[in-house]
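Open the structure in your viewer and show it as a cartoon.

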Amino acid sequence: MTRAVSLRGLSKTYARAATAVDRFSLDIAPGEFLVLLGPSGCGKSTVLRMIAGLEDITEGELLLDGEYANDVPPRERGMAMVFQSFALYPNLTNRHNIGFPLKVQYPHEDHSARIEATARMLGIDDTLDSYPNQLSGGERQRVAMGRAISRRPSVFLMDEPLSNLDAKLRNHLRAEIAQLTDELGVTTIYVTHDQAEAMSLGDRVAVMRAGVLQQVSTPRETYAVPANVFVAAFIGTPRINLLQAVVHAPLAERMCIDLGRQRLPLPEPLSHDLQLLRIQQGRPVVVGLRPEAARIAPPSHARPGEVPLTGIVEHTEYQGHEALVHLNTGSRRAVVPDLESARPGPGPGSRAPGRLGRIKERAGALAKPRSSAADGPEAGAPDAHTPERATIRAGDLVLRTGPDTRLRTGAQVPLLVDLGQLYVFDHRGRRICPAPTEIPGLYE
């Protein structure tokens with residue numbers, strides 16, 4: 001049995017603290033594998049705990065198969081949860097750990113057959129009579145998953161189950177989880193901050209930031225058509241190149257995007273995706289280029305839709321299967337807040353910071369960029385046309401190249417930028433190219 005989960009405007013607010021989850025709405029189909037993705041502190045685990053019944057819902061509705069479930073006790077929701085910390089009983093054998101929920105639910109029945117079948121499914125049948133402290137991290141996580149599976153739940157809830165494991169084991173268990181949930185066909189909601197897990201496991205990915213849902217779509221669409229600059233920056237390794245720019249759209253001349261020291265000319269006639277840029281004339285925007293959106297080649301080798309640019313080689317990272325070239329194009333990088341830690345500083349009514357907290361705040365204020373993407377221009381930020389705009393920051397563009405690429409540091413190289421892979425975001429961080437589903441207003 002599997003079930004549908006629907007969230008209608010779910011909010012969670014704690015006393016004397018900011019809102020942890022803000023009007024979260026989402027429909028999860030029966031048997032779907034949905035990943036909640038976001039930086040630490042963005043509220044994704046809180047959403048999971050509200051679904052499980054471990055946290056009270058401040059506002060909104062939780063529907064299970066269309067029925068109101070806010071007040072349904074956790075044990076009656078038919079869900080099983082796998083935690084980051086394994087949460088195994090150290091004084092019980094793995095057999096009894098797996099069978100513990102069955103013993104609680106059906107105390108007078110013999111569960112040996114189900115326990116052994118679950119253990120065989122996970123490849124831990126030879127460790128059933130061992131204790132958790134005799135197992136490796138991967139085996140303990142399999143026991144924790146076996147305990148959840150043995151209940152035959154209608155919904156799996158997984159809260160960063162692989163984050164305590166080493167990289168090699170994470171990759172192995174990730175493939176096992178994908179295969180297992182596909183075989184069982186159970187609705188699965190998986191929380192992680194690791195985009196590799198999200199992109200490889202999920203049927204859909206829901207990206208969160210500071211308690212707010214940013215985008216829900218397939219992994220492919222999340223990468224290719226990010227809803228805003230935060231999603232674009234959070235998804236992708238290495239991260240997307242984000243550059244501050246200004247759109248120039250004179251009536252009698254060719255439209256272009258000014259990057260500071262260089263310009264990207266836009267071809268005529270303008271494609272549908274580029275037409276919206278006209279209303280951004282003279283406004284600051286953020287240009288996004290994935291590392292694969294440009295290549296090192298002279299203008300004479302340009303393909304349709306490619307425009308020239310130049311860069312100075314800062315350094316090259318050899319990755320084995322590829323090389324990452326860091327270039328200086330004379331542009332100013334745009335900074336997206338909250339990529340690593342989603343929560344802002346203490347709000348009104350919260351506890352005053354101690355001495356160490358005040359030192360950290362001062363250090364953060366000194367290190368804070370003068371302007372940042374997605375939050376709009378700050379007071380005192382340099383105007384797009386002032387001389388400060390031309391300040392060069394080293395390594396503003398990272399490109400993917402073949403592993404045999406050999407470039408001398410300090411060399412000037414010709415680049416070709418594929419405008420078909422160009423992203424443009426407005427001063428609020430909303431995507432305006434490729435054309436969004438909802439067109440932003442002229443004066444927004």
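Select Leu-7 and Leu-26: Leu-7 stands opposite Leu-26, which belongs to E2. Now show strand E1, residues 5–13. E1 and E2 pair in the antiparallel sense over 6 bridges. (Strands are DSSP runs of E, at least two residues; helices are runs of H or I, at least four; both are numbered from the N terminus. Two strands pair if DSSP finds at least two bridges between them.)

Next, select helix H1, residues 44–52. H1 packs on the sheet and touches E1, E2 and strand E4 (59–64); contact means heavy atoms within 4.5 Å. The direction of H1 makes about 115 degrees with that of E1. (Axes are lines fitted to C-alpha atoms, for helices over the stretch in contact; angles run from 0 to 180 degrees between N-to-C directions.)

This is a predicted model: local features need pLDDT of at least 70, side-chain atom pairs count only at pLDDT 80 or more, and totals for chains, interfaces and linings use all residues. Residues are numbered from 1 along each chain as its sequence is written, and side-chain values use heavy atoms, without hydrogens and water.

Stay in strand E2 and pick Arg-23. Its phi is positive, about 50 degrees, although Arg-23 is not a glycine. Is Arg-23 buried or exposed? Arg-23 is exposed, at 62% relative accessibility. (Buried is under 20% relative accessible area, exposed over 50%, partly exposed in between; 1.4 Å probe, protein chains only.)

Jump to Pro-238, in the loop between helix H8 (229–234) and strand E11 (241–248). The peptide bond from Thr-237 to Pro-238 is cis, with omega near -5 degrees. Most peptide bonds are trans.
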